[in-house]
Amino acid sequence: MMSTFPDISISTDRLVLRPFDEDDIQAFTEMMNDEQALAWTEVPQPFTEREARTWITEYAPTERTSGRGLDLAVTEFLTQRLVGVIQLTKTDWHVRATELSYVVAPWARGEGYASEAALATAQWLFREQKFERIELRTAADNTASQQVAQKIGCISEGVLRNACIARARTAEDGWTEVRTDFIVWSLLPEDIEGVSEELADSGGYGAYSDWN
């Protein structure tokens with residue numbers, strides 16, 4: 001029997017993670033055209049509103065209903081402003097494992113939103129969906145994303161050499177593809193025990209800028 005993710009929302013002290021809707025198209029387009037998003041993700045360059053609409057109205061719903069993954073808009077609780085996206089992909093329902101990634105809008109970085117959203121998603125997956133493993137892959141030079149992984153309790157498992165294609169600015173202010181390594185991280189149910197309390201003791205989520 002095929003399994004799928006429910007059509008849900010997840011709330012934290014500062015954030016609401018919910019399904020995308022068409023009202024998010026403009027903000028989503030702007031976020032994915034930021035240089036960091038273009039450098040570390042596989043989105044088309046430039047990322048147009050038409051592509052954002054297709055992603056929100058076709059790709060994301062299909063991923064959920066097929067059981068392959070889940071895409072959640074990360075919004076501020078008070079303002080409802082879109083601050084980022086959490087994405088689950090390559091889900092294996094037999095193994096109860098999935099891959100997690102995140103992007104944060106440039107104006108919202110430095111607030112710890114990626115850490116807060118990723119940890120909330122992990123807690124929901126482990127507690128409500130009975131998952132046993134979450135995997136993250138961060139480009140070798142994407143130190144901010146690696147800090148987020150460490151902050152939520154992930155364990156580094158190794159390096160996939162030459163497995164990542166990122167993008168870098170050229171001298172002519174264009175973009176070129178560059179090959180680099182992936183660092184593989186894992187998160188198991190026991191890894192997140194006490195993480196929320198440790199973050200509170202250390203001053204909360206906002207110690208790092210964050211994007212992936």
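These are my notebook entries on a predicted model.

**Entry 1: the annotated span**
I looked up the UniProt record first. An unreviewed entry lists residues 15-172 as "domain: N-acetyltransferase". I checked the make-up of that span: 35% helix and 33% strand. Its end C-alpha atoms lie 39 Å apart.

**Entry 2: aromatic pairs**
I looked for aromatic pairs and found nine in the structure. I took phenylalanine 20 and tryptophan 55 to begin with. Their rings are 5.2 Å apart, centre to centre, with 85° between the planes. I noted the pair as edge-to-face, since angles over 60 degrees count as such. Phenylalanine 20 is in the loop between strand E2 and helix H1, while tryptophan 55 is in helix H3. They are 35 residues apart, so I wrote down that the pair links distant parts of the chain. Both residues are buried.

Next I took tryptophan 93 and phenylalanine 131. This pair is edge-to-face too, at 5.2 Å centre to centre and 75° between the planes. Tryptophan 93 lies in the loop between strands E4 and E5, and phenylalanine 131 in the loop between helix H4 and strand E6, so the pair ties together parts 38 residues apart in sequence. I found both of these residues buried.

**Entry 3: a ring cluster**
Which residues do ring pairs link into a cluster? I listed Phe20, Phe28, Phe47, Trp55 and Tyr59.

**Entry 4: a charge over a ring**
I looked at arginine 81. Its charged end sits over the ring of tryptophan 107, 3.6 Å from the ring centre.

**Entry 5: helix H5**
I went through helix H5, residues 143-151. Its buried residues include Ala144, Val148 and Ala149. Glycine 153 follows H5, and its phi is positive, near 105°.

Conventions:
Residues numbered from 1 in each chain as written. Predicted model: local features only at pLDDT ≥ 70, side-chain atom pairs only at ≥ 80, totals over all residues. Heavy atoms only, no water. UniProt positions renumbered as here; feature names shortened; annotations may be inferred. Helix = DSSP H or I, 4+ residues; strand = E, 2+ residues; numbered from the N terminus. Buried < 20%, exposed > 50% of the residue type's maximum accessible area, 1.4 Å probe, protein only. Phe/Tyr/Trp six-rings, centres within 6.5 Å; stacked < 30°, edge-to-face > 60°. Lys NZ or Arg CZ within 6 Å of the ring centre and 35° of its normal.
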